[in-house]
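Hello,

Here is the structure I promised to pass on. Please open it first; my notes follow below.

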Amino acid sequence: MNREKELRLALVCYGGISLAVYMHGISKEIWRLAKASCAFNGGVEPASGSQGVYRALLQEIQNDHQLQLRVLVDIIAGASAGGINGVFLAQAISTGQSLEPLTDLWLDSADVEALIDPGQAPGHRFAKIWAVPLAWAAQRRGGARIDALVESDARSEVRAKLSRFVRSRWFEPPFGGALFTGLLMDAFDAMAVAPKGPRLLPDGQPLDLFVTVTDFTGHPERLALNSPPEVMETEHRLIFPFTDHGQRVETLAHAGELAFAARATSSFPGAFPPFTVGELDGVLAARQIAWPGRAAFLARVLPRQSAADAAASAVLIDGSVLVNAPFRPAIDALRERPAKRQVDRRFVYIDPYPGKRYSANAKSDAVPGFFQTIIGAISELPRQQPIRDNLEAIAERSARIERMREIIAGIRPEVEKQVEALFGYTLFLDHPTVARLANWRRRAQNAAAAKAGYGYAAYGHLKLAGVIENIAQLLYTIGGETGPRRWAHIRRQLAATVRAQGMDDMGPTFSGGTNPQTIAFLRSYDFGFRIRRLRLMARRLAEVETGFDEAEIHQLREAIYASLAQYLDAKRTDPHLALRRDVRALRTDAAPLLEKLAHSLNLKPLDDETEARLSNALSAASKEVRRTMLLTYLGFPYYDVATLPLLQGEGLDEFDPIKVDRIAPDDATAIRAGGAEATLKGIQFNSFGAFFSRAYRENDYLWGRLHGAERLIDIVVSALPATMRMKPGRIAAIKRDAFIAILDEEQPKLARIQPLIASLRREIG
């Protein structure tokens with residue numbers, strides 16, 4: 001019997017202007033890997049192309065290592081060009097629609113001739129002819145090295161289009177905003193009518209999309225201080241969230257709303273006009289498309305502007321101006337992840353041009369001039385800010401988990417000694433019925449409290465505070481009214497109600513029966529304690545399962561993860577949306593709302609079902625397995641006292657540390673080293689290069705697929721446990737199969753770069 005494991009990918013997609021075409025190639029490979037995993041685990045026949053190679057890789061892992069690996073893309077966050085690709089990829093994963101129609105649209109429409117506003121184009125071939133030398137100067141800055149990568153015919157195309165671009169009307173954006181919005185709508189239409197497959201996530205596993213946007217005018221946000229008590233700050237960062245709530249949907253959102261996010265996030269200053277709601281209204285009206293959810297959508301994504309009846313006048317520009325690497329919303333989305341099996345969580349960020357530096361023809365050791373300093377400060381530096389802060393936050397989180405593991409391993413002998421002394425060795429000879437398991441659990445809880453002494457009261461207060469904050473966060477999300485003041489109000493009213501009803505009385509040691517109100521409160525709302533206990537059992541089972549027969553522990557694993565999934569579902573927002581009106585009406589007394597929430601959470605039946613599953617699974621296990629898992633289950637109160645302060649009361653949602661991977665030209669060297677400079681055309685003209693040549697776009701798209709395939713194979717193989725290794729030479733052979741499959745598939749379609757394809761075949765060998 002095979003072990004099961006999920007490789008969950010949270011994608012963070014950077015901006016890149018015309019490198020959006022390269023990123024489309026990468027996102028297409030991510031989509032194909034997700035399709036291959038869905039088909040493999042669903043027993044569907046293998047597909048051809050790179051999807052078939054991914055399917056064969058998953059089959060090989062199962063055959064050679066008895067590991068059934070599922071690859072899921074469940075979180076996507078993007079800015080600018082990455083935001084556009086993220087929107088399309090999220091739509092495909094959530095609905096089962098195809099990304100194939102987008103390739104022709106990218107290659108045909110991501111062109112200066114298609115994007116330039118007709119009103120901005122030069123009126124005739126002699127218009128502003130004096131500007132032509134500027135075009136030639138800009139072209140020469142690219143150097144012949146780029147021309148060497150494509151057919152010589154591309155040179156005349158680039159020159160002609162660059163001339164037209166430079167001679168377009170100055171001091172106004174050359175590209176058409178409504179024109180681009182229309183192209184985005186065309187893309188969603190093409191996806192909708194193409195052949196459709198299944199949703200690429202299991203039922204109940206939500207797909208969350210976050211798109212960054214910059215509010216040019218800004219909106220007011222209150223900050224609480226000591227003196228003065230409150231100040232107003234102008235905030236320019238916006239995050240547009242979308243989710244399918246883990247359900248099968250026809251579309252992730254109204255096509256106009258998805259186009260709204262994609263157009264706003266990619267409104268590159270100077271190239272496109274700022275985006276406004278009126279622009280989308282005009283495009284939808286011209287296409288005779290109704291938008292019934294307009295008011296609700298604007299209230300959700302532009303709450304401050306909507307409250308002031310000013311959403312229609314909001315001016316939105318490129319999301320990468322302030323947030324080019326949107327890790328934070330992706331990290332926050334981990335709170336609502338279900339878990340039905342072991343999880344390997346990855347954050348994969350896609351950076352099409354890492355290490356890019358603004359130069360403006362300046363020598364690297366020269367002091368920048370007046371205009372270089374201004375342009376760099378207002379444009380390049382903000383969007384090239386390193387992601388060190390984000391990675392340090394992830395590393396800190398992972399370090400806390402590692403410390404927790406070390407503490408648990410260190411105190412395990414003493415905890416097991418305490419449990420055995422409490423129950424005696426005959427405990428592990430008895431079959432743990434539901435009644436016995438409940439009785440043992442209560443005895444272990446009281447014994448842990450007594451052993452901890454006065455320190456248990458501190459733990460109890462921390463746990464109670466964590467429960468209140470978890471409830472506050474849940475109700476805040478249910479209510480849908482954003483802002484720190486609203487969260488603080490909910491938290492304050494909950495705490496006041498808990499105190500008023502005497503549910504915060506820990507007693508001298510918080511030893512269990514001291515305060516029935518407190519115990520009842522925790523039993524009604526403390527889903528975090530249940531989740532932490534089951535995650536500890538899952539971790540312990542993963543540590544020891546290699547020493548036991550897989551069939552023997554399969555029932556235990558199923559019982560743990562089935563129970564964990566129910567508690568995780570209970571803490572999600574979706575099951576409790578009926579309380580939204582009550583949350584918004586909360587002013588003072590939170591008791592009625594708490595009572596309704598307890599009824600909605602309904603944790604008592606889940607507890608009964610969990611103990612029934614565990615008792616059956618433990619009874620069916622051998623004495624050795626039963627002993628190991630009972631010691632973990634009954635010892636959990638001891639472990640929780642030691643580790644909850646380390647976790648700062650939060651109880652991490654996904655128990656394992658997060659690993660971070662990057663997909664970038666510099667990381668994919670199996671075919672050609674040298675990074676973006678050696679492979680991509682779009683980096684020319686300050687990353688606008690691919691807009692000037694179909695051959696450039698074909699080049700970047702093909703390299704996107706090749707680089708994406710190489711890095712995805714690396715990431716999948718890295719999900720194998722340390723004790724499992726691929727056969728020597730297999731990874732290189734699998735990559736070669738993927739490269740050849742991609743070239744075979746694309747050669748008939750990419751007519752402008754046939755010499756490149758021939759060269760790549762020689763390089764691959």
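Bear in mind that this is a predicted model. I started with the packing. The largest nonpolar core has 124 residues, and the members that touch the most others are F88, F240, F260, L302, L316 and L702. Take L302 as an example. Leaving aside residues up to four places away in sequence, L302 touches L238, F240, F260, A311, A314 and L316. There is also a second, separate core of 73 residues, with A444, Y476, I553 and A570 among them.

Now the chain as a whole. It has 765 residues, and 56% of these are buried. DSSP runs give 31 helices and seven strands. Of the contacts between residues at least 6 apart in sequence, 80% join residues at least 24 apart. The accessible surface is about 31400 Å², with 55% of that belonging to carbon and sulfur atoms.

Next, the strands around β3. Strand β3 covers residues 208-224 and runs parallel to β2 (residues 67-78), with four bridges between them. One detail there: I75 has D208 in β3 as its bridge partner. On to β4 (residues 230-243), which runs antiparallel to β3 and is joined to it by 13 bridges. L209 is bridged to F242 in β4. A hairpin of five residues connects β3 and β4. Strand β5 (residues 316-317) is also antiparallel to β3, through two bridges. Here T214 has I317 as its partner in β5.

Last, the aromatics. The count is 16 aromatic pairs. In one of them, F240 and F260 sit 5.6 Å apart centre to centre, with 45° between the planes, and the pair is tilted. F240 belongs to strand β4 and F260 to helix α10 (residues 255-265), so this pair ties together parts that are 20 residues apart in sequence. Both F240 and F260 are buried.

W291 and F297 make another pair. Their ring centres are 5.9 Å apart and their planes are at 50°, so this pair is tilted. W291 is buried, at a relative accessible area of 10%. F297 is buried too, at 2%.

Best wishes

Technical notes
Residues are numbered from 1 along each chain as its sequence is written. This is a predicted model: local features need pLDDT of at least 70, side-chain atom pairs count only at pLDDT 80 or more; totals for chains, interfaces and linings use all residues. Side-chain values use heavy atoms; hydrogens and water are left out. A nonpolar core is a set of buried Ala, Val, Leu, Ile, Met, Phe, Trp, Tyr and Cys residues joined through side-chain atoms within 4.5 Å. Buried means under 20% relative accessible area, exposed over 50%, partly exposed in between (1.4 Å probe, protein chains only). Contact means heavy atoms within 4.5 Å. Accessible areas come from the Shrake-Rupley method with a 1.4 Å probe; for residues, only the protein chains shown count as cover. Two strands pair if DSSP finds at least two bridges between them. Rings of Phe, Tyr and Trp (its six-membered ring) pair if their centres lie within 6.5 Å; planes under 30 degrees apart count as stacked, over 60 as edge-to-face and the rest as tilted.
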